[in-house]
Amino acid sequence: MTSHNSDAPVATSKTPADRFAVLQRALFYGFGASLSGWIIAYALRLPGDFIPPIVLGLTLIAVQILGSVMAGRSAGANRAMISGVVTGVIAGIINLLIVLSAFSGERSDDDAMRPLYAAAAYLPTSAVLGAIAGFFGGKLAANRATPPGPRNWIGRFAILNAAGALVLLSVGGIVTSAAAGLAVPDWPASFGANMFLFPLSRMTGGVFIEHAHRLLAVLVGLTTATLLVWTLVAKVRFSTKAVAVIASVLVITQAVMGGLRVTQADPIDPTDAQSAVQIDTAPDDASIELQDNAQSRVLGLLHGVTGQVYVAVLALLAAMLSTTWRSDAPRTPHQAAKGQRRLNLFALIALVIQIGFGAAVRHFDLQNHALMSHLGWSIVVLILLLAAGMRGQKRLGDVSSALRRSAVATRHTVLLQMILGVIALVGAMMYHDQQPPPALYIIMRSPHQAIGCVLLISMTLLTAWTIRTTRPADPPASAPA
């Protein structure tokens, strides 16, 4: 299938197709640099908030420069500098969403102008650094024995989007484990301030954990919106465009439910010291603190389950935008295909139910019914997923390498998930009553949720690749009478 998403070398840099190729490359490396920089900055600041803002800023700039170098190297000498510039500008615009918080003051008029000065300086600097980095990237490309070949940039961008969403879900798991989901008592504002201008100096403790989750959600949502537009204009199947639309609807739904979870919570009665979890959450001037009620807990549960489904749909979209999926290769008839499809469907439904039980355990404070349901149903899920993975690998693994890898990933991930579930349960028994939750409890609990999403991804891909690469074999013709 032909597509505008290839990046074959051309003789001139003035054709529309070439300019579109430059933009595609810059989108991938620009968003990739921003996403990588944000994640690194989050990891640096997470343990204790002691990393100074200048270090975080230099980290963002360094990763941004690296993205422009890679864009220039990928483009080749002829288009290296322009690719570096566009990549730098895209990454710079995105990074402003968090850079401005470092320049935001408290309330004075002078402080209010500092973000504008920062933006006016940061974007031209990003363009200049991008040009220099792209130039050096082009020099690296000149040393290649062969010029860069065609690239499926939209497929790579879809993988980037899915990876970013998985990190976002993991960060959300930290928010829940740290009991910081209501640390910021309003939405979409943060303590009444624009969320992109909320001062970095006030992002400490639970406020940082929750507010960083919000900011990363904006970046992942922006990435999904970009992927939606890109997919709609690309020459891909209608089904692929439909999945891109579904992913966009899910991320919007996810954001709204996360915000409603905050707005529907109850204010804490200041006369009741035991009415809520005590955690280092708010700046000194915060006057409102919240506690969960039944409605906010249900919204939190739906927020968590929808997040897992959203990441799995993005993984499916990445598969559908891959070169293999988009090829004209026919589906292989196989005697085991029909049975595998049924088994995959049962396993996938069982896994989604188990994710719902897990979310209930997390958001309803280890309520006995939810915990027992989660533990009991895990046996059913283990059997079904092991069967789907083993059968897919042994019976259909020779049909498609993508199908085989998905089956192997499902087998190994479900076993890892069971081990992490035991660790999370031990952590809950040891530390559940300690407030605020100790760091060790967060470390023991959060990976179980993240790997659960990886398991959902692998099972989704196994189901998808089974459908894409195989079909039930025709029944044997009956012998003549």
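Student: Where does K394 lie?
Tutor: K394 lies in helix 11, where a helix is a DSSP run of H or I with at least four residues, numbered from the N terminus. This is a predicted model, in which local features need pLDDT of at least 70 and side-chain atom pairs count only at 80 or more, while totals for chains, interfaces and linings use all residues. Residues are numbered from 1 along each chain as its sequence is written, and side-chain values use heavy atoms, leaving out hydrogens and water.

Student: Is K394 buried or exposed?
Tutor: K394 counts as exposed because its relative accessibility is 63%, and the cut-offs are under 20% for buried, over 50% for exposed and partly exposed in between, with a 1.4 Å probe and protein chains only.

Student: And which residues of helix 11 are buried?
Tutor: Among them are A370, L371, H374, V381, L385 and L396.

Student: How far apart are the C-alpha atoms of K394 and R404?
Tutor: They are separated by 8.4 Å, although K394 and R404 are ten residues apart along the chain.

Student: New topic: how many salt bridges does the structure hold?
Tutor: The structure holds one, a salt bridge being a side-chain nitrogen of Lys or Arg within 4 Å of a carboxyl oxygen of Asp or Glu. R214 forms it with E210, and their closest N and O atoms are 2.9 Å apart.

Student: Where do R214 and E210 lie?
Tutor: Both lie in helix 6, residues 205-233, and they are four residues apart, about one turn of the helix. R214 and E210 are both buried.

How values were computed. Helix = DSSP H or I, 4+ residues; strand = E, 2+ residues; numbered from the N terminus.
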